[in-house]
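Student: Can you walk me through this one? I'd like to start with helix packing and then go on to the aromatics.
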Amino acid sequence: MADISRHLVGLLLGAEQDWPRAFEEILRRVGDIHTADGTTHTFSSDRLRIAPFDLMDPVRPGLVIDRLAHWYYHPREWLKKAALIDGTYLLNSPFTFQSMEKHSAYCAMLRLGLKVPRTVLVPYKNPVDNDRWAFTSQTYNDPFDLDAIAEDLGYPLYMKPFDGGAWRGVSRIENAEQLHAAYDDSGQMLMHLQATVDYDHFARALSIGPETMVMDFRPELPMHERYQVNHGFLSPSTGAEVVTVSRVVNAFFGWEFNSAEMLVAGTEVYPIDYANACPDVALTSLHYYFPWAITALVRWSVYCLVTERRVKADLSMESYFDVADDASLGYDEKMERYRRLADGHFETDRYWDWCAEYLPDLEARVLDWVDSADFDAMLVETVRTTYPAQEHERFVAHFRGLVQMWVRERR
């Protein structure tokens, strides 16, 4: 009798409903996978609930997709326990996302020679809630001239929290008046001032394991219009560099599921934001790109479970630093070597060979579902729970048209 290996994917969720439903449906369409060793692999998922836990309680899922722990600390500590004691595979690990927030990510990528715009960290505007603050600040905090820092960086510039968080506290600063108003409003948030560049395109790259989608992003527009369906907005070489930056960031920090934002001026790529513990995968924002994103998430989850992939406890940062410190290498050569390291981390070639062997018709199954009444019902329900009643008809037509464009292109 053949061995049966039953795999459970845990979904640690907040308020999201659309992508978990799509994930569950696509995972169901994977069916059973029969590997060469005679094992039959089956897959299911569970929306995890929050409860008190003993540190030695067994953990059922072999893999958990986390969408909650970046702000809700109880499940974050459960994830740490699951990883350390039970060996659970995590998308993403709270260890590096907790310690390597946007500030650390800037520092690391500057160390690798990426073209991060000049960035200055300034002290809190308001005192922190600590009795020792007054003495410490009076004795050791150097006075500084906020206007002089801004003038040195040049206007316009951006003020944003050092640890990020869904565009929280981000301000575009055009002059000294706006600078002081934004700093006054920052309160106890620790802020970066970051120079900007006169860019041609704002690229957002969503990476899931070894898969990356580069999208033309318009941050100034409403959320439902920010992701433009524009396949040729970057040259092949620039697009490849954007993919490399996104993939290298993830491999460097051990992240699995992350989006990276870059400004593109001509052929120059300037990374500005690439630590997103909970990247956007909502149907109402990704629309056209939504089927790819959830299919990639299913593919990578299934691959990790069946191949028994393990997250390394120790990151391999030194291998990247060795490349960074090689004075004989130019920027392009370093990027090529970083990409090779990243592809090795994500087993990119093995992954695509494995998908071709064991998931050859998954995309066709997903296409059939996205073109079905069931998917359309999910789309309508998502719109009705997201927008006011007077806008339902408009947004159903908007998202339905974009999804059907995706279907027609793949038919």
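Tutor: We'll take helix contacts, then aromatic pairs, then a couple of serines. Keep in mind that this is a predicted model.

Student: Fine. How do the axes of H1 and H11 cross?
Tutor: Helix H1 covers residues 18-30 and helix H11 covers residues 290-306. Their axes come within 9 Å and cross at roughly 55°. H1 and H11 are therefore oblique to each other.

Student: Right-handed or left-handed crossing for H1 and H11?
Tutor: Right-handed.

Student: Which residues in H1 meet H11?
Tutor: Asp18, Trp19, Ala22, Phe23, Ile26, Leu27 and Val30 in H1. On the H11 side they meet Phe290, Ile294, Thr295, Leu297, Val298, Ser301 and Val302. The residues of this H1 and H11 contact divide into eleven nonpolar, two polar and one charged.

Student: Now H16 and H17. At what angle do their axes cross?
Tutor: Roughly 140°, with the axes coming within 9 Å. H16 spans residues 373-386, and H17 spans residues 392-410.

Student: Why is H16 called oblique to H17?
Tutor: The cut-off for roughly antiparallel is over 145 degrees. The crossing is at roughly 140°, so H16 is oblique to H17. H16 passes H17 in a right-handed crossing.

Student: Which residues make that contact?
Tutor: H16 gives Phe375, Asp376, Leu379, Val380, Val383 and Arg384. H17 gives His392, Phe395, Val396, Phe399, Arg400 and Val403. The residues of the contact of H16 with H17 divide into eight nonpolar, one polar and three charged.

Student: On to rings. How many aromatic pairs are there in the whole structure?
Tutor: A search finds 26 aromatic pairs. One of them is Tyr199 with Phe202. Their ring centres are 6.2 Å apart and the planes stand at 80°, so the pair is edge-to-face.

Student: Tyr199 and Phe202: buried or exposed?
Tutor: Tyr199 is partly exposed, at 29% relative accessible area. Phe202 is buried, at 6%.

Student: Which residues form an aromatic cluster?
Tutor: Phe97, Phe252, Phe253, Trp255, Tyr320, Phe321 and Tyr338 form one.

Student: Back to H11. You listed Ser301 in the contact with H1. Buried or exposed?
Tutor: Ser301 is buried, with a relative accessible area of 0%. Leaving aside neighbours within four places in sequence, Ser301 is in contact with Phe23, Leu63 and Ile65. Phe23 is one of the H1 residues that meet H11.

Student: How far apart are Ser301 and Gly62?
Tutor: In sequence, 239 residues. In space, 9.7 Å, C-alpha to C-alpha.

Student: Last one. Where is Ser285 found?
Tutor: In helix H10, residues 283-286. Ser285 is buried, with a relative accessible area of 2%.

Student: What is Ser285 in contact with, leaving aside neighbours within four places in sequence?
Tutor: Met223, Tyr227 and Asp280.

Note on methods. Residues numbered from 1 in each chain as written. Predicted model: local features only at pLDDT ≥ 70, side-chain atom pairs only at ≥ 80, totals over all residues. Heavy atoms only, no water. Helix = DSSP H or I, 4+ residues; strand = E, 2+ residues; numbered from the N terminus. Buried < 20%, exposed > 50% of the residue type's maximum accessible area, 1.4 Å probe, protein only. Contact = heavy atoms within 4.5 Å. Axes fitted to C-alpha atoms, helices over the stretch in contact; angles between N-to-C directions. Parallel < 35°, antiparallel > 145°, perpendicular 65-115°, else oblique. Left-handed = near helix turned anticlockwise from the far one by under 90°. Nonpolar A, V, L, I, M, F, W, Y, C, P; charged D, E, K, R; others polar. Phe/Tyr/Trp six-rings, centres within 6.5 Å; stacked < 30°, edge-to-face > 60°.
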